[in-house]
Amino acid sequence: IKLLKSDKKLLCAVILGFIFIFSFICFLADFKGRRYYFTFEEAGSARKIVEVRKIPSEKYRTKLECYVEEIILGPSVQRAVPVFPVGTKVLFCHENNRIVYISISKEAVTGLTAVDVEKEDEYKKKYGKTVLQVRYEQLRENIKKNFSDVKEVNLFIDGNFTFGEEIPRS
């Protein structure tokens with residue numbers, strides 16, 4: 001202690017060391033999940049809004065399941081458009097051989113708003129696709145950006161195969 005009092009440089013180094021160690025411990029304590037990226041359309045324009053969220057680990061659920069739940073819940077920013085209508089629920093999410101199978105509730109179709117119906121013609125002219133196809137592609141792109149090992153995403157709405165890779169029937 002006498003050495004620390006007499007040598008001011010050593011005292012500063014020790015204090016900075018304690019601050020660094022304390023900061024590092026606080027950083028680790030706050031790290032409750034990996035950062036995931038969510039891309040949503042901006043209302044009234046073709047621009048994209050990107051949100052970054054941490055998804056904490058949940059017992060008995062994979063990160064993919066938690067991510068799909070989050071993206072179906074929608075954006076946290078008011079000017080962003082949800083991928084699927086509010087009220088849509090994830091019925092199941094499963095990955096097998098790098099193919100993701102997601103089933104969502106019928107609200108994905110029945111919850112479409114008048115704005116979505118208006119966009120239908122615009123999307124058909126612009127992209128040659130329906131609103132649901134564009135929404136599926138948005139979901140697929142989000143999943144593939146965050147989970148690089150995923151090869152394909154198959155979507156079921158109310159238990160019926162809707163989009164994705166053809167499922168072989170045996």
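**Notebook: a pocket and a helix crossing**

I looked up which element contributes the most to the lining of the largest pocket, and it is α5, with 6 residues. The model is predicted, so to speak of local features I need pLDDT of at least 70, and side-chain atom pairs count only at pLDDT 80 or more, while totals for chains, interfaces and linings use all residues. Residues are numbered from 1 along each chain as its sequence is written, and side-chain values use heavy atoms, without hydrogens and water.A pocket is an open set of points on a 1 Å grid over the protein atoms alone where a 1.4 Å probe fits, with protein on both sides within 12 Å along at least five of seven lines, and lining residues have an atom within 4 Å of a point. Helices are DSSP runs (H or I, at least four residues).

By class, I found 7 nonpolar, 3 polar and 10 charged residues in this lining (Asp, Glu, Lys and Arg are charged; Ala, Val, Leu, Ile, Met, Phe, Trp, Tyr, Cys and Pro nonpolar; the others polar).

Next I checked helix α3 (residues 63–73), whose axis comes within 11 Å of that of α6 and crosses at roughly 140° (lines fitted to C-alpha atoms, angles from 0 to 180 degrees between N-to-C directions). L64, Y67, V68, I71 and I72 of α3 meet L139, N142, I143 and N146 of α6, with contact meaning heavy atoms within 4.5 Å. This contact has 7 nonpolar, 2 polar and no charged residues.

Note on methods. Helix = DSSP H or I, 4+ residues; strand = E, 2+ residues; numbered from the N terminus.
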